[in-house]
Amino acid sequence: MHRLLERQIKRFFGDPAALPPEIAALAAAVDEAYAAADADRLMIERSLDLMSKELTETNNDLRRQLTERNQVEKLLLNEKEEQKALIKKLEDAHNQLLQSEKMASIGQLAAGVAHEINNPIGYVNSNLGTLRTYFDQLLTVLSTYETLESTCEPAKLAQISAVKKEMELEFLKEDILALLKESGEGIQRVKQIVQDLKDFSHVDEAEWQQADLHHGLDSTLNVVHNEIKYKADVVKEYGDIPRVECLPSQINQVFMNLLVNAAHAMDENKRGLITIRSGMTGDEVWVEIADDGKGIPPENLNRIFDPFFTTKPVGKGTGLGLSLSYGIIEKHHGRIEVHSEVGQGTTFRIWLSVGGPGVSTDQVQ
Ligand SMILES: Nc1ncnc2c1ncn2[C@@H]1O[C@H](COP(=O)(O)OP(=O)(O)OP(=O)(O)O)[C@@H](O)[C@H]1O
Ligand SMILES: [Mg+2]
């Protein structure tokens, strides 16, 4: 008999064996119902158990799938990042190539022009010298004539005086000398420009060498003089620095970019100031180009070295100057730092190791 039924019968009737027959029949029926209910419950419990197990398994499956999917997603993400980095590297390499080609051709052009100008300048200079000698000789002849003028008849003397006056002989004597002197100075200036162009492009010596950075700065300043002269004064505060192992023509490109940028940063209405400083810390040399121009807004500061980033109007800037400079300094294993405040000015500082980048595998590119 079912234990619950047994307990109730004991409670109400005492001994279950002493039940009256009709109650015993009822008890038997109830007992059967209890047993059936128990069996049903057991079955329900078992199927619930089964279902719960199945659910847990499905759940685990789903979890596993989710983890796998997450892993795949992570992998894909990593791959995407790697691809992005690779594309960036390729772009950089491509731009570097473009820029170095551009700069190499500018350098070659400059050197070519310098070479071509050198020849005519040479003979103009030498002719000017000869002209000066000839003119002195003519003056000697003239003064000999003049000493003999007193022996002339008065009519002839008057005729000579009239021609002298008409031709402004005294003025001519003075002015021809002045013209010759001025032309000589002009030629000297052109010679200096040609020399600067040559120094600047260094095409004949595109290899690592111990270079005087101050000399590079000076010749670059002469080359970009025109770009700066109407906008700013230049103050040099050169320190005592040794020669630096570098590719001078490329370092000059960096100086040029920084100087032109500084000139471009100047206010239209106010004459600016560009200060060039240099110095040494440890075995590193630094060169600083500081301007008191408009400055760089903080949100642009980490973009200025990106290729093609420019705030200049279309056609004015390519946005390659600083990215090229960055590449060149990187090739020298140096550093380029920038400090800028809007409305105050900008300072770029280049650090180069005196001994150069050490054993360079990527010598001249
Ligand atoms: N000294 C500076 N003062 C203010 N802004 C500057 C200075 N130097 C650089 N910049 C900012 O950085 C940007 C990028 O300079 P970068 O030299 O690379 O290109 P660019 O001068 O615009 O063009 P270019 O290729 O002709 O040099 C400039 O457009 C300018 O906004
Ligand atoms: Mg520039």
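The shell around ligand 1 divides into seven nonpolar residues, 12 polar and three charged, where Ala, Val, Leu, Ile, Met, Phe, Trp, Tyr, Cys and Pro count as nonpolar, Asp, Glu, Lys and Arg as charged, and the others, Gly among them, as polar. This is a predicted model, in which local features need pLDDT of at least 70, side-chain atom pairs count only at pLDDT 80 or more, and totals for chains, interfaces and linings use all residues. Residues are numbered from 1 along each chain as its sequence is written, while chains are lettered from A and ligands numbered from 1 in the order in which they are written.

**Around the ligand**
- Of the 22 residues around ligand 1 (C-beta atom, placed from the backbone, within 6 Å), Ala-265, Thr-310, Gly-317, Gly-321 and Leu-322 come nearest.
- Helix H7 (248-264) and helix H9 (321-331) are the elements that give two or more residues to this shell; helices (H or I, at least four residues) and strands (E, at least two) are DSSP runs, numbered from the N terminus.

**The sheet**
- Here five strands form an open, mixed sheet in the order S2-S4-S5-S7-S6; two strands pair if DSSP finds at least two bridges between them.
- At the edges are strand S2 (232-237) and strand S6 (335-341), each of which pairs on one side only.
- S2 and strand S4 (residues 272-281) run parallel and are joined by six bridges.
- Glu-237 has Arg-277 in S4 as its bridge partner.
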